[in-house]
Amino acid sequence: MKQLQLLVILSILIGLTACKQSKDTAKVTAAIENTFLEKEAIVKTPNKKLSKAFKDYWYAGDAEITSYALEQARYGEMRKGKAVLVFVTEPFLPEEQVKADQSSPANIPVLKLNKTKNYLTGIYPYSIMSSTFYPVYDNGHALKSSFSAQEWCGHVYAQLNNRAEQFEFTSHSYFQGEADQELTLNSVLLEDEIWNKIRINPNSLPLGDIVILPSLESVRVQHQQLKAQNAQAALVQEGTTSQYSLKYAETDRQLTITFETAFPHQILEWEETFISGYGTNAKRMVSKATKLKTLKSAYWRQNSNEFLSLRDSLQL
């Protein structure tokens, strides 16, 4: 709208001085108009058409809940636990960047992923959760991504908001040197949105040499600086399954996600290789999550004790 207003004002001024306008001025005016139009085209990326299969699966009024057996490397040792991926579509408010309670043409339909991990480190427990809100039309970066970790030493919270070509990052931590942080980053591909892209359209996954922002979990748990990194991305199909991998040269970290090639591209397992532990205890280790069970359920309506048995069906 501001661009349109500026064009109108510019047109009026040009009209008032038309008798003095040279060919060079006309060229400049045309260049300005083309720049505005190009920018408008970038901002308004067309929505991609959703297939009937996609609508039938993701708009059936429930969520997809999948449990995983977790083998998590932490402090240089392996820990056993459980992980859960919860995928569900919902309307999203672009400005407030929260779930919309009322229907509106301004709402953005997203595929939300809530990813949880629970495991023990000796006497005390770890509880980790990440949330990513990604447009179902697969025509832009995630609108929001957040991460939290709770354990007996304290807790950490981080959030990334997509604000028109830039990311606003806020983090709160009990660790010295991290504490309260606020950063502005250039808009780039997010590792956290890769999971959503797999479920929507794995053919759109970036390949080759890419620039990507590592997951908020990896950055916060490893106490690293949040910044875009160079990575090598590859997609390999083996029969009915496919594997998408990211290799980070700077941090010697690798993530491999295995999923069903056919729709709805369910995630079967993932492996993450990185340096775990500190000092002389630090070593390269592999964390792994393997699928247990999947349940399609409107879980937000199943908070009564009578539904506790559903956890058994998920082996939780």
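This is a predicted model: local features need pLDDT of at least 70, side-chain atom pairs count only at pLDDT 80 or more; totals for chains, interfaces and linings use all residues.
Ground rules: residues are numbered from 1 along each chain as its sequence is written, and side-chain values use heavy atoms, leaving out hydrogens and water. Local features need pLDDT of at least 70 and side-chain atom pairs 80 or more, while totals for chains, interfaces and linings use all residues.

**Exercise 1.** Work out where K283 sits and what it touches.

*Solution.* 
- Start with the strand: K283 lies in β15, residues 283-297 (strands are DSSP runs of E, at least two residues, numbered from the N terminus).
- Next, accessibility: K283 comes out at 41%, so it counts as partly exposed (buried is under 20% relative accessible area, exposed over 50%, partly exposed in between, with a 1.4 Å probe and protein chains only).
- Now the contacts (heavy atoms within 4.5 Å): leaving out residues up to four places away in sequence, K283 touches G76, F274, I275 and S276.
- Finally, zoom in on G76: its backbone oxygen is 3.4 Å from the K283 side chain.

**Exercise 2.** Find the salt-bridge partner of K296 and say what the pair ties together.

*Solution.* 
- Apply the cut-off: a side-chain nitrogen of Lys or Arg within 4 Å of a carboxyl oxygen of Asp or Glu.
- K296 pairs with D62, with the closest N and O atoms 3.5 Å apart.
- K296 is in β15 and D62 in the loop between α3 (52-58) and β1 (63-74), so the bridge ties together parts 234 residues apart in sequence.
- Check burial: D62 is buried at 18%, whereas K296 is partly exposed at 31%.

Conventions: Helices (H or I, at least four residues) and strands (E, at least two) are DSSP runs, numbered from the N terminus. A polar contact is a pair of N or O atoms within 3.5 Å; within protein, one must be able to donate a hydrogen and the other to accept it, and residues adjacent in sequence count only if both atoms are side-chain atoms.
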